[in-house]
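Student: I would like to learn how to read a few local features of a model. Can we start with a single side chain and then turn to a helix pair?

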Amino acid sequence: MDFFLRRRATEYLCKSCSRRAQRQLHRSYATTTTRPDWYDVVCIGGGPAGLSLLTALRSNPVTAGLRVALVEVQDLSKIRSWQLPPDKFSNRCSSLTPASVQYLDKIGAWSHLARERVQEYHEMQVWDGVTDARIEFDWPPGATSPAGTTIAYMTENLNLTSGLLKRLDELGGVSTYDKVKVDRISHEEVSSSEKDVDLSGWPVVHLADGTQLAARLLVGADGANSPVRAFAGIEARGWDYGRHGVVATLALEGPGWAGDRMKIAYQRFLPTGPVAMLPLPGNCATLVWSTTPEKAALLKSLPPRDFIAMVNAAFRLSPTDLEYLHGQASDHADEIMWRLEHATVVQETIPQTVIGVQEGTVASFPLKLRHADTYIGERLALVGDAAHTIHPLAGQGLNQGQGDIQSLSKTIEFAVSHGLDIGAYMSLEPYTSERYAANHVILGVCDKLHKLYSFGSGPLVPLRSVGLSAVNALRPLKTFFMNQAAGNRARLF
């Protein structure tokens, strides 16, 4: 039948037009038999990890020639055009280390973020809510940190993804499939319409609209419940913390005790979990309060006046007072006002008073620890939350994902420059070798810190206070820990 169609369409055409008609008929015929489109890299997930990987590949001359595709269930046009008024901020923010920012700048994405919505901070105050033992993280005078005195940068996740999309649009060369779900992933035996590409054994992504994408390398940047990880049969082990993270965008009475020139982040460890207030531009801040699901539900149900009072109390009142307040059904603000009159606090060591909460920003999410058994399979790699999920107390989740991207893009570059198959298991091994142990250490440290500070009494309480005070007094040791957290260290693994 195909022969007669081709003959009928071309017998009255010149040779040049005949060849074009045959190619068009060939493409139409291939579509009707649902042959997959093939790509060197198919990335499922358009969050910071997935977008950073594609940006890194497209901006590198060695890997810019790869055929790459992005699959994302959300409408990316809305993220590209995302914009909020200057005094309004999204409640999903992340802390970027100087190392992560340097990499974003290297791949050309950092300049595309709305920089007026990014806030660097230069000091972090951390203390034990039971004993008040404290540690101040700041760079010593004359420090040689590449970012100067900056510890980290706070930005909205949407600001980061919007900037990455703008950089990708600038680079071009990415086939985007958005507003569509992944129906399934298979290892079907398929053949390409292009004779020089053997797709046998390649993973094939079946989209809900019928599109099929064959991948030389399939990258799962699709979150903690990763379909790519499930397709590969890779287990993710860990546990739920039985805690929820309550987030909100807050308005403070001022820009901070030192003004805009030196912003400070605060974190207090309570027996139910840490409560952190991280600076945003102007008089704004973002809240992350880890607590039990029941207490999180109460906080979300409170009217703004009582919610604001509870946040102020979290940094000022004792754990016993807070436990009592969580048992109240209403009138928290009046009770807290009375208790604060009898509380002794040094104002400059805690955040400035919260005076407002942005409407619609109070929300919560469950906290969990997960770590995949491996980050790679044959023609498959996992990055970001698809590979590991961490407690937010150290603000390392997004930075771990950026570290994955740096390593994986470097691994792909090496394979391309040496003529290797980028999807072969052996080609991908350097990525998992470099990242797995490093991520495992960070996951373990954050997990142990959460458990250590969950005790409200007992012998561990004075011991942890002595340890915290000792680290604070030993400047070289504290600087070492800061370098580890900032990504400025020599690799240990």
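Tutor: Start with Arg 58, whose side chain reaches the backbone oxygen of Ala 64 at 2.2 Å. This is a predicted model, in which local features need pLDDT of at least 70, side-chain atom pairs count only at pLDDT 80 or more, and totals for chains, interfaces and linings use all residues. Residues are numbered from 1 along each chain as its sequence is written, and side-chain values use heavy atoms, with hydrogens and water left out.

Student: Is Arg 58 buried or exposed?

Tutor: Buried means under 20% relative accessible area, exposed over 50%, and partly exposed in between (1.4 Å probe, protein chains only). Arg 58 has 16% relative accessibility, so Arg 58 counts as buried.

Student: Which residues does Arg 58 touch?

Tutor: Contact means heavy atoms within 4.5 Å. Leaving aside residues up to four places away in sequence, Arg 58 touches several residues, including Ala 64, Leu 66, Leu 168 and Val 174. Arg 58 and Arg 167 are 109 residues apart in sequence, yet 9.8 Å apart in space, C-alpha to C-alpha.

Student: At what angle do helix 10 and helix 11 pack?

Tutor: Axes are lines fitted to C-alpha atoms, for helices over the stretch in contact, and angles run from 0 to 180 degrees between N-to-C directions. Helix 10 (residues 319–326) and helix 11 (residues 332–341) pack at about 160 degrees, their axes 11 Å apart. Helix 10 is therefore roughly antiparallel to helix 11, a term for angles over 145 degrees.

Student: Which residues make the contact?

Tutor: Helix 10 contributes Asp 321, Tyr 324 and Leu 325, and helix 11 contributes His 332, Glu 335, Ile 336 and Arg 339.

Technical notes. Helix = DSSP H or I, 4+ residues; strand = E, 2+ residues; numbered from the N terminus. Parallel < 35°, antiparallel > 145°, perpendicular 65-115°, else oblique. Polar contact = N/O pair within 3.5 Å; in protein donor to acceptor, adjacent residues only side chain to side chain.
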